[in-house]
Amino acid sequence: MESFIPYGKQWISDDDIKEVERVLRSDFLTQGPEVKIFEDKLCTLTGAKYCVAVANGTAALHIAVAALKIDMGSEGITSPNTFAASANCMLYNGLIPRFADINPQTHNIDPEQITSIVNEKTKLIIPVHFAGLPAEMGKISKIAKQHDLYVIEDAAHAIGSQYADRTYVGNCIYSDMTIFSFHPVKTITTGEGGAITTNSEVLYERLLMLRSHGITKDTDKLSINPGPWYYEMQELGYNYRLTDMQAALGSSQLTRLHDFKHRRREIIKRYSKAFREVPWLTIPMEPEDVSSCFHLYVLRFNFLTLGKTRSEIMNHLFDHNVGTQVHYIPVNQLPYFSKRNKDKTPNSDSYYEQCLSIPLYPRMSDSDVDHVIESILKLPL
Ligand SMILES: Cc1ncc(COP(=O)(O)O)c(C=O)c1O
């Protein structure tokens with residue numbers, strides 16, 4: 001019998017552990033050299049000019065929106081098919097989240113649906129690269145330019161993914177900023193962690209301040225300079241710093257990002273081959289010109305044809321040691337939002353009726369993959 005195969009899982013190597021141990025034995029556990037090293041590596045990977053590493057992806061979204069200094073009461077648009085954080089970051093900053101429906105094929109925000117809800121209050125778009133598949137950033141950046149909107153890419157799922165022009169997600173060619181999450185189920189992990197990339201020096205400087213209480217010691221920025229103890233709090237900021245242990249883990253994990261991507265893509269190839277012709281399943285699509293790092297493999301089940309509910313299927317697979325998860329309950333259906341938001345997103349609603357993520361992580365063995373495939377193909381009809 002296989003041991004339990006969760007839907008996602010980190011891969012910590014001996015080298016990762018050595019790197020964290022090295023930092024634990026050093027002089028700095030936080031605010032030492034490792035954070036800048038990790039940030040520089042993220043710039044090298046993505047091609048962005050600047051990077052600010054933070055405590056988690058939610059913190060990254062929070063201060064990315066804060067750095068834009070958008071008037072309270074303005075609206076921002078995101079996808080309903082995401083984690084609550086993509087919308088919560090707007091609420092933290094006094095903005096009103098709106099939801100544009102998804103494309104039923106890609107499950108990413110549909111640029112035409114963005115256009116249909118843009119109005120004079122709209123100031124921001126937060127597209128989400130769902131499951132690792134880049135959103136249609138060319139079209140989204142065009143809409144943003146036409147309507148004078150900021151764009152923050154939520155790439156919590158998409159480190160290592162490539163856009164249609166084959167450049168890497170996070171280069172901010174199409175956006176003002178991009179955020180990443182390094183939670184253990186994500187493609188690389190720092191335990192908890194996140195980062196923001198940008199090509200704007202102004203935004204970079206603001207993000208650095210917001211990460212650390214809004215405080216600066218930079219003599220060029222101080223209004224007076226009475227001595228070496230002196231600092232000023234010039235903005236209302238937060239303690240969203242990443243530790244040096246986490247940053248060292250992140251740098252070490254990054255050395256294996258391309259191997260992780262390769263293995264993820266190997267697994268999804270086998271899944272898609274096995275499931276392509278099954279009449280009650282729809283496999284995820286990847287347009288030819290992009291290259292997804294596949295954070296998730298989401299199957300659409302036709303539960304009506306199967307004659308089983310999603311709970312029955314999840315419980316059956318769980319009993320066969322196959323973990324599954326739903327990504328996502330549409331954010332605008334969560335009670336906090338449904339009480340306040342009336343946007344209609346029928347494609348997202350029908351996607352939610354059918355979606356189920358099956359196990360995908362680079363450490364899965366071929367026999368784990370075979371076991372998942374067999375368990376699904378043998379589902380009792
Ligand atoms: C799309 C998306 N955005 C943001 C986040 C928030 O990231 P974190 O968990 O690191 O705060 C997540 C986390 O699951 C996510 O999936």
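Helices α9 and α14 are roughly parallel to each other, a term that applies to angles under 35 degrees, while over 145 counts as roughly antiparallel, 65 to 115 as roughly perpendicular and the rest as oblique. The model is a predicted one, in which local features need pLDDT of at least 70 and side-chain atom pairs count only at pLDDT 80 or more, whereas totals for chains, interfaces and linings use all residues. Residue numbers start from 1 along each chain as its sequence is written.

## Helix packing

Two packed helices are described by the angle between their axes and the distance between the axes. Here axes are lines fitted to C-alpha atoms, for helices over the stretch in contact, and angles run from 0 to 180 degrees between N-to-C directions. Helices (H or I, at least four residues) and strands (E, at least two) are DSSP runs, numbered from the N terminus.

| Helix pair | Angle between axes | Distance between axes |
|---|---|---|
| α9 (residues 257-275) and α14 (residues 366-377) | about 25 degrees | 11 Å apart |
| α1 and α8 | roughly 150 degrees | within 8 Å |

In the second pair, the angle makes α1 roughly antiparallel to α8. The contact is made by D15, D16, E19, V20, R22, V23 and L24 of α1 and by D244, M245, A248, L249, S252 and Q253 of α8; residues are in contact if their C-beta atoms, placed from the backbone, lie within 7 Å. α1 passes α8 in a right-handed crossing. A crossing is right-handed if the near helix is turned clockwise from the far one by less than a right angle, and left-handed if anticlockwise.

α9 likewise passes α14 in a right-handed crossing. From α9, the residues I267, R270, Y271 and A274 make this contact, and from α14 they are V369, I373 and L377.

Helix α8 (residues 244-254) is mostly covered, with 11 of its 11 residues buried. A residue is buried if 20 or more other C-beta atoms lie within 10 Å of its own, exposed if 12 or fewer, and partly exposed in between, with C-beta atoms placed from the backbone. The cover over the buried residues of α8 includes α1 (14-24), α2 (34-46), β1 (50-54) and α9.

## The seven-stranded sheet

Strands of a sheet pair through backbone hydrogen bonds, either parallel or antiparallel. Seven strands form an open sheet in the order β1-β7-β6-β5-β4-β2-β3, and the pairing is mixed; two strands pair if DSSP finds at least two bridges between them. β1 and β3 (96-99) are the edge strands, each pairing on one side only. On average, neighbouring strands of this sheet are turned by 25 degrees against each other, direction ignored.

Strand β4 (residues 122-126) is largely enclosed by the rest of the structure, because five of its five residues are buried. Strand β2 (residues 75-78) runs parallel to β4 and is joined to β4 by four bridges; G76 has L124 as its bridge partner in β4. Strand β5 (residues 150-154) is also parallel to β4, with two bridges between them. Within β5, Y150 is the bridge partner of L124, and V151 is that of I125. The chain passes from β4 through helix α6 (residues 137-147) to β5 in a right-handed β-α-β crossover; right-handed here means that, with the strands pointing away from the viewer, the path from the first strand over the helix to the second runs clockwise.

## The three-stranded sheet

A further open sheet of three strands has the order β10-β11-β12, with antiparallel pairing. β10 (281-282) and β12 (355-358) stand at its edges with a single partner strand each, so one side of each is left without a neighbour in the sheet. Strand β11 (residues 297-301) is joined to β12 by four bridges in the antiparallel sense, and L299 has L356 as its bridge partner in β12.

## Two individual residues

E232 belongs to strand β9 (residues 232-233). E232 is partly exposed, with 15 other C-beta atoms within 10 Å. Residues up to four places away in sequence aside, E232 touches I215, T216, L222 and S223. Between E232 and D218, 14 residues apart in sequence, the C-alpha to C-alpha distance is 9.1 Å.

L317 lies in helix α11 (residues 310-319). L317 counts as buried because 20 C-beta neighbours lie inside 10 Å. Apart from neighbours within four places in sequence, L317 is in contact with V322, T324 and S375. L317 and I37 are 280 residues apart in sequence and 42 Å apart in space, C-alpha to C-alpha.

Conventions:
Two residues are in contact if their C-beta atoms, placed from the backbone, lie within 7 Å.
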